[in-house]
Structure formats: C-alpha cells, structure tokens
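Q: Can you walk me through how the helices in this thing pack, and where the pockets are?

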Amino acid sequence: MPYVIADDLPHEPAGVRFRRLLDAPEILQMPGAHLGIAALLAKKAGFEALYMSGAAMSATMGLPDLGMITVDDVSWHVRQVVRASGLPVLVDGDTGYGEALNVMHMVRCFEEAGAGAVHLEDQLLPKKCGHLNDKKLAPVDEMSAKVAAARKARRNLVIIARTDAVASEGMDAAVARAKRYLEAGADAIFPEALTTAEMFREFAARMPGVKLLANMTEFGRTPFFTATEFQQMGYAMVIWPVSHLRIAAKAMEDLYGAIKTDGGTHNMVGRMQTRAALYETIGYHAYESLDASLVRTIVPEGMPQN
C-alpha cells in the first residue's frame, strides 16, 4: 500500500535506515528512480534503497547534465520518491550548488525532503557527467571544505564524496583526494569512471575498511559488471543511475514514431502497462478507501472492439 497514512510512514530517519543497509554484509543495490512511479516499481521489484541521478532529473526536464538544475528542483523529486515509496534514497548533489554555505543549504533541504544520503563531486562548474572528457577538478582544499560543511549541516544524512580524479590526475591522486575527503568527514567514497576490474580492485585495496560506491552506467567508460562482481572487488554499494530513463525514453520514442506512422497506438498496446496494472502499482483503490464518499472504481478490462 502507498505511504498515504501517517502510521504507514517509516519512523526512523532515512539516514539511519540507509546506514543500516550500508552496514549489511551484502552489497547495497540502488537502481535509479527519480520519479514516484519509478520508485514504486523498483520497490515492487524488491529493492530497499534507490538512487536519484542529476543526469536523469536534468534530462526529464529537457536539460543537459551541466549543473543547471537547482536545489529546489532536486528536492521536489526527492519528496515525491520518498512519499511514494518510503525508501531511503541516495541523491546526486553534483558539486553542492556553490561553496560551503550552499552545500550546507543543500544538505538541509535534501534531508528535510527525506533523503538518506547524498554524494558530492570534486568537479568545477560547469560540471560534466563523470564518464565524459575534459572534466575540470576543484582544488583538494576546496572540495574538502565542502565535505566538512556537509558533515556539519547534516543530522543523519550519509555523506559520500565522489572523486573524478582518476581520468585526469591518475590513481595515486584519486586515492590521495579520497583520503583527504574522509579526513574532512565523508562517510564513504565514490571513485567515478574507473575503466577496468583491475582499477576497481586497486582502488578498493588502497582504501581498506572504507565504504565504496560503484557506478554501473551504460554507454560510459566502465565495462558491465554485476552487483556480485562489484562486491567481490570490494564495493559496498552499486548504482544504475540512468538505466530506467534510457528504457523509458526509448519506449516513448518508439510510441511517438508509431503514432505518427500508424495514425494511432493500436500496434503498441501490447507493450503498454495496463490500466489495472498501473492502478495496482499506485494503490488507486487504497487511496479510494480513505474517502467514504468515493464509490470503488470498476477498472475496464481489455478494449472495446470495432
């Protein structure tokens, strides 16, 4: 049932619940889910935590992932995902939307919206997806100050520091940066855009006892690995950040092409979620039951024939 009644809401802060999942022996698997319907479907599939990608949120708004969306834009997405699913979410905090004070504002907004964790990256604006070329890195001291500010502002939020240094400065520099971020107060480290299993294993070996996040994005620089493989390489978390959006966008592209070509949706119905399945996913009848004035809806089955 959707989280529509106060008694159904989790009583523990999301950060506490996220940390407990992170401390479990099995790797924490977080598919991307930046919309309420996606969160419900991921929860139905059995996931216990979700990831919210800045790239996915930007693309949904018709914008590139260049640091253009705002704290309020992201907080709106966080609120709907948390309200719909009740699950703890890890949120992409990009570069923190500014300097130390902006980072503190971001942390407080995300935590108030219901987030369980956030990651900050050590790029300069305009930032790029971690798997693209010519990223510009912030000085270590500047990024460390942001991490310290996030730590100071949070109540329970888990703080993850992302470093994009491997591609431009090398493994030694990335490890050195990660250690500085841990000293500044990060709870975990996210080494972005590693390109081989050997690199993943080396980074993990040089960060003993540290919770590490792996990114399994498609069409990037990282080869395909499974969650089990990442765990065996020493990682505590894995995300599939934009997979859901890529699947949905391709399906929408196909639908619009079919309507234009065929003059209707009749050749696409077999690829659609039915009305009954959608209503079951969003808890339509559960909402109806909260209002005695509503007569229970009878859902049409199938489609009329000509």
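A: Axes are lines fitted to C-alpha atoms, for helices over the stretch in contact, and angles run from 0 to 180 degrees between N-to-C directions. This is a predicted model, where local features need pLDDT of at least 70, side-chain atom pairs count only at pLDDT 80 or more, and totals for chains, interfaces and linings use all residues. Residues are numbered from 1 along each chain as its sequence is written, and side-chain values use heavy atoms, with hydrogens and water left out.

Q: OK, at what angle do α5 and α6 cross?

A: Roughly 40 degrees, with the axes of α5 (residues 100–113) and α6 (residues 140–153) coming within 8 Å. The two are therefore oblique to each other. Angles under 35 degrees count as roughly parallel, over 145 as roughly antiparallel, 65 to 115 as roughly perpendicular and the rest as oblique.

Q: Is that crossing left-handed or right-handed?

A: Right-handed. A crossing gets that name if the near helix is turned clockwise from the far one by less than a right angle, and left-handed if anticlockwise.

Q: Which residues of α5 and α6 meet?

A: From α5 you have A100, V103, M104, V107 and R108, and they meet K146, A149, A150, K152 and A153 in α6. Contact means heavy atoms within 4.5 Å. By class, this contact has seven nonpolar, no polar and three charged residues. Ala, Val, Leu, Ile, Met, Phe, Trp, Tyr, Cys and Pro count as nonpolar, Asp, Glu, Lys and Arg as charged, and the others, Gly among them, as polar.

Q: And α4 with α5, what's the angle there?

A: About 20 degrees, and the axes of α4 (residues 71–85) and α5 are 8 Å apart. So α4 and α5 are roughly parallel to each other. Their crossing is right-handed. On the α4 side the contact is made by V71, V74, S75, V78, R79 and V82, and on the α5 side by H105, M106, C109, F110 and A113.

Q: Switching topic: how big is the largest pocket, by volume?

A: About 640 Å³. On a 1 Å grid over the protein atoms alone, a cavity is a set of points where a 1.4 Å probe fits but cannot get out, and a pocket is an open set with protein on both sides within 12 Å along at least five of seven lines; lining residues have an atom within 4 Å of a point. Grid points are joined across faces, edges and corners, and a volume is the space filled by probe spheres set on the points.

Q: What lines the largest pocket?

A: There are 19 lining residues, and V269, M272, Q273, T274 and R275 lie nearest the centre. The elements giving two or more residues are α11 (243–262) and α12 (275–282), and the largest share, four residues, comes from α11. The lining divides into twelve nonpolar, four polar and three charged residues.

Q: How about the second largest pocket, how much space is in there?

A: About 400 Å³. It has 14 lining residues, with I37, A38, L41, H244 and A248 closest to its centre.

Q: Which helix gives the most to the lining of that second largest pocket?

A: α11, with seven residues. Both α2 (36–44) and α11 supply at least two. By class, the lining of the second largest pocket has ten nonpolar, four polar and no charged residues.
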